[in-house]
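Biologist: Can you put the model up? I have a few questions about how it packs.

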Amino acid sequence: MSYRPPPSAALLRRRPVRSLLSPLRERRFTYEAYGALLDRLRQVRVVPLREFEGSEGGHLPVVGLRHDVDSRLESALVLARMEAGRGLRATYFVLHTAPYYDRSTGLAGALRELQELGHEVGLHSDLVTLELARGLDPRWVLARELEWLRREGLEIVGVAGHGSYEARKHGFLNHLFFSDLPARAPRFPNNDVGLRGEKLDASGLTRGTLSEFGLRYDADFLDNDSYFADSYFDERGRRWHPDGFDPSHLPPGSKAILLTHPCHWDASLPAKVGRVWQRGGSALLRRGGSEAE
Ligand SMILES: [Zn+2]
């Protein structure tokens with residue numbers, strides 16, 4: 001069974017019924033199942049992404065554990081505590097345009113907790129979206145967010161581009177802000193730029209480099225031998241689940257990245273049903289149920 005990032009057209013399609021049934025289709029995305037994955041990961045060398053490039057597994061495979069926190073920071077904290085309880089460290093990319101990213105709430109404390117548990121906190125970049133959709137200066141936004149995060153004691157050296165709804169609709173890539181990265185991101189669904197004849201002319205974008213903002217890497221451009229993501233789907237539209245993923249079967253010394261989105265994981269099926277159906281109506285119907293990743 002091959003899993004791949006869905007094309008933007010599929011993600012943008014209005015499918016409210018499918019979305020409302022998603023808790024049943026995705027009932028295996030529970031914290032218990034995630035815990036079972038973590039138990040299997042104890043057989044390999046797990047690193048946060050800032051250590052990925054320099055890591056050598058020797059006789060063990062190396063797995064870089066990545067989380068894109070598109071929504072539900074509280075679910076990220078659950079996963080983070082589970083990982084820390086097993087002595088595992090991961091990277092949490094926090095989305096500066098997400099509803100949870102509100103400095104007036106307990107955001108700084110929650111992010112510090114992630115770091116204090118041993119994890120890395122990185123920035124999930126939505127910079128090109130902000131420039132194109134809201135007319136904001138992305139250099140100013142990035143500088144302001146990094147300054148705040150670092151003042152709060154967080155060590156931010158990594159970014160990862162967010163596949164926003166607008167990015168999919170208009171066929172751009174958030175990492176295009178960084179002029180020192182290639183225009184195309186490996187495996188990213190929005191590689192179908194120009195989907196609707198609205199091809200973006202990147203020459204007009206405001207840009208910057210990773211190093212001038214004190215950043216060392218973009219997670220989508222780390223060399224790896226294999227890549228697994230719960231944002232990938234098979235031909236029948238089923239989301240990839242790590243149930244069948246046995247990291248001990250990875251070749252010794254090989255390097256894999258495993259991406260999960262905390263927003264897809266819940267305490268139980270009833271919790272998942274309650275959450276999705278409560279949110280249900282308005283949001284899902286408005287956006288046709290397509291979720292950014
Ligand atoms: Zn995302």
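Modeller: A term to begin with: a residue is buried if 20 or more other C-beta atoms, placed from the backbone, lie within 10 Å of its own, exposed if 12 or fewer, and partly exposed in between. By that count, 37% of the 293 residues of the protein chain are buried. This is a predicted model: local features need pLDDT of at least 70, side-chain atom pairs count only at pLDDT 80 or more, and totals for chains, interfaces and linings use all residues. Residues are numbered from 1 along each chain as its sequence is written.

Biologist: How many helices and strands are in the protein chain?

Modeller: The protein chain has 10 helices and eight strands. These are DSSP runs numbered from the N terminus, helices being H or I of at least four residues and strands E of at least two.

Biologist: How do H7 and H8 pack?

Modeller: Helix H7 (residues 127–134) and helix H8 (residues 138–151) pack at about 135 degrees, axes 9 Å apart. Axes are lines fitted to C-alpha atoms over the stretch in contact, and angles run from 0 to 180 degrees between N-to-C directions.

Biologist: Which residues in H7 and H8 meet?

Modeller: Leu127, Val128, Leu130 and Glu131 in H7 meet Pro138, Val141 and Leu142 in H8. Contact means C-beta atoms, placed from the backbone, within 7 Å.

Biologist: Switching topic, what about H4 and H5?

Modeller: Helix H4 (residues 31–41) packs with helix H5 (residues 73–85) at about 35 degrees, with axes 10 Å apart. Tyr31, Tyr34, Gly35 and Leu38 of H4 make the contact with Val78, Leu79, Met82 and Glu83 of H5.

Biologist: And contacts across the protein chain?

Modeller: Of those between residues at least 6 apart in sequence, 79% join residues at least 24 apart.

Terms used: Two residues are in contact if their C-beta atoms, placed from the backbone, lie within 7 Å.
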